[in-house]
Amino acid sequence: MSLRKPGGAVLVTGAAGYIGSHTVLALLREGHAVIALDDYSNAQRDVPTRVARLCAGDVQWVEADVRDQATVEAVLASQGVEAVIHFAARKSVEESCRLPLAYYDSNLIGTLRLLAAMEVSGVRRLVFSSSATVYDASQPSPVTETGRLSCASPYGRSKLMAEQIISDVVNSGRLDCVALRYFNPVGADASGKLGEDAATPPSNLMPRICLAAAGKSDPLQIFGNDYDTPDGTGVRDYVHVADVADAHVAALRYLAAGHGSAMLNIGTGCGTSVLQLLRTFTEVTGVDVPYTIEARRQGDVASLFADVSEARRMLDWSARRGLAEMCADAWRWARPDGDRALG
Ligand SMILES: NC(=O)c1ccc[n+]([C@@H]2O[C@H](COP(=O)([O-])OP(=O)(O)OC[C@H]3O[C@@H](n4cnc5c(N)ncnc54)[C@H](O)[C@@H]3O)[C@@H](O)[C@H]2O)c1
């Protein structure tokens, strides 16, 4: 057990989700007291138990909808919260095209109500989950934070609008915010006891690789092998979820030091193609992943990876875990005979 950090607790919304749960763990390991809020709309009920098995820190779980402003205000008031990390959102690009109103409701109204509750409660430090999806993906990579913005989906627009609303509140002098634009978080806690386990079927590449590798799905569909990339398949910036979690701890440190607000890319700065990722996965796990090559998907681009020099400079953070670790940890969690049983 680590020593309790002086000062107030950190409220984490969407705490039982994929990135949220790994961040709660990182915060507890750093000695922060945490209030972990989630409505379990896209999370498993055993996440609090999993986190508790991995770290006996000071955490209180609250089941609530972040749009329930009165409850969030009560939590902020009663627990001496000094900062908020806001993950709670819907995150599927494809689903957002079918259910745009649900996405704006969750992602925008959720952010608005949280900001209002923070203002009422006098809590002025926020770390916000944004996404690389706000960038115009047709521009050359690596993409810096000043790169062109353009969203191809309601999900992306909801993130960009939330960034803009937050920026207005920052400019009013009532809030300090570090917004983190994640590229492609993958992997799991190295214990094999905590990982990505959404209530809805995964649409991201790594969970689909694991399902295909485990024989739990049809062969992996690779969309396009005729892009202008070294092997023709799409290139993205995969970053270990534990490194993403550490970036939040670093962002809290930055805010606590009174440095003000920032908007930062969170990735490794390296582009990896789908076939490269598959090759590494097989080398590391010894498991072949059956796949088929399909036509390009509308809206996909050849290559998108981050310039991460600003996060390094401002947060003193950079990703420490490589592709092999991302694959090994993802598979330790996902494989059918894996270590995830709580026992
Ligand atoms: N995973 C990625 O690839 C990725 C990439 C870029 C940005 N993001 C952003 O990071 C954040 C976390 O993503 P994730 O991958 O952990 O997603 P996730 O779906 O695993 O986690 C989100 C959590 O929020 C909860 N939630 C949703 N709506 C809520 C509400 N109204 N009130 C309370 N809880 C609510 C869900 O139950 C879930 O546990 C999201 O904001 C997402 O948009 C994720």
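Predicted model: local features only at pLDDT ≥ 70, side-chain atom pairs only at ≥ 80, totals over all residues.

Colleague: Let us begin with strand β5. Is β5 enclosed or open, and why?

Modeller: Strand β5 covers residues 125-131, and seven of its seven residues are buried, so the strand is largely enclosed by the rest of the structure.

Colleague: How does the chain get from β5 to β6?

Modeller: The chain passes through helix α6, residues 154-171, in a β-α-β crossover that is right-handed.

Colleague: Turning to the ligand, how many residues surround it, and which are the closest?

Modeller: The ligand is surrounded by 29 residues, and the closest are Gly14, Gly17, Ala43, Ala89 and Ser131.

Colleague: What is the make-up of the shell: how many nonpolar, polar and charged?

Modeller: Twelve of the shell residues are nonpolar, twelve are polar and five are charged.

Colleague: Now the nonpolar core. Which residues touch the most other members of the largest one?

Modeller: That core has 102 residues, and those touching the most other members are Leu11, Val12, Val24, Val34, Ala251 and Ala330. Helix α8, residues 241-256, gives the most to this core, with eleven residues.

Colleague: Take Leu11, then. What is it in contact with, leaving aside its neighbours within four places in sequence?

Modeller: Leu11 is in contact with Ile35, Leu37, Val75, Leu76, Val81 and Val84. In soluble globular proteins, nonpolar side chains tend to be buried together.

Colleague: What about helix α7; which of its residues are buried?

Modeller: Helix α7 spans residues 205-213, and its buried residues are Met206, Pro207, Ile209, Cys210, Ala212 and Ala213. These pack against β7, β8 (220-223), α9 (274-285), β13 (291-294) and α11 (323-334). Just after the helix, Gly215 takes a positive phi of about 70°.

Colleague: There is a glutamate, Glu196, in the loop between β7 and α7. Does Glu196 count as buried or exposed?

Modeller: Glu196 counts as buried because it has 22 C-beta neighbours inside 10 Å, and the cut-off for a buried residue is 20 or more. Leaving aside neighbours within four places in sequence, Glu196 is in contact with Tyr18, Ala188 and Pro207. Of these, Pro207 is among the buried residues of α7.

Colleague: How far is Glu196 from Thr229?

Modeller: The two are 33 residues apart in sequence, and their C-alpha atoms are 29 Å apart in space.

Colleague: Back to sheets for a moment. What is the strand order in the open sheet of three strands?

Modeller: The order is β12-β9-β14, with mixed pairing. The edges are β12 (272-273) and β14 (303-304); each has a single partner strand, so one side of each is left without a neighbour in the sheet. Strand β9, residues 235-236, runs antiparallel to β12, with two bridges joining them. In that pair, Arg236 has Thr272 as its bridge partner.

Colleague: Finally, backbone geometry. Where is the cis peptide bond at Pro142?

Modeller: The bond runs from Ser141 to Pro142, with omega near 5°. Pro142 lies in the loop between β5 and α6.

Colleague: And which residues other than glycine have a positive phi?

Modeller: Tyr40 is one of them, with phi of about 60°, and this residue lies in the loop between β2 (34-38) and α2 (47-54). Tyr40 counts as exposed, with 12 C-beta neighbours inside 10 Å. Asp316 is another, with phi near 55°, in the loop between α10 (309-315) and α11. Asp316 is exposed as well, with 10 other C-beta atoms within 10 Å.

Terms used. Residues numbered from 1 in each chain as written. Helix = DSSP H or I, 4+ residues; strand = E, 2+ residues; numbered from the N terminus. Right-handed = clockwise from strand over helix to strand, strands pointing away. Near = placed C-beta within 6 Å. Nonpolar A, V, L, I, M, F, W, Y, C, P; charged D, E, K, R; others polar. Pairing = 2+ DSSP bridges. Contact = placed C-beta atoms within 7 Å. Core = buried A, V, L, I, M, F, W, Y, C linked by C-beta atoms within 7 Å.
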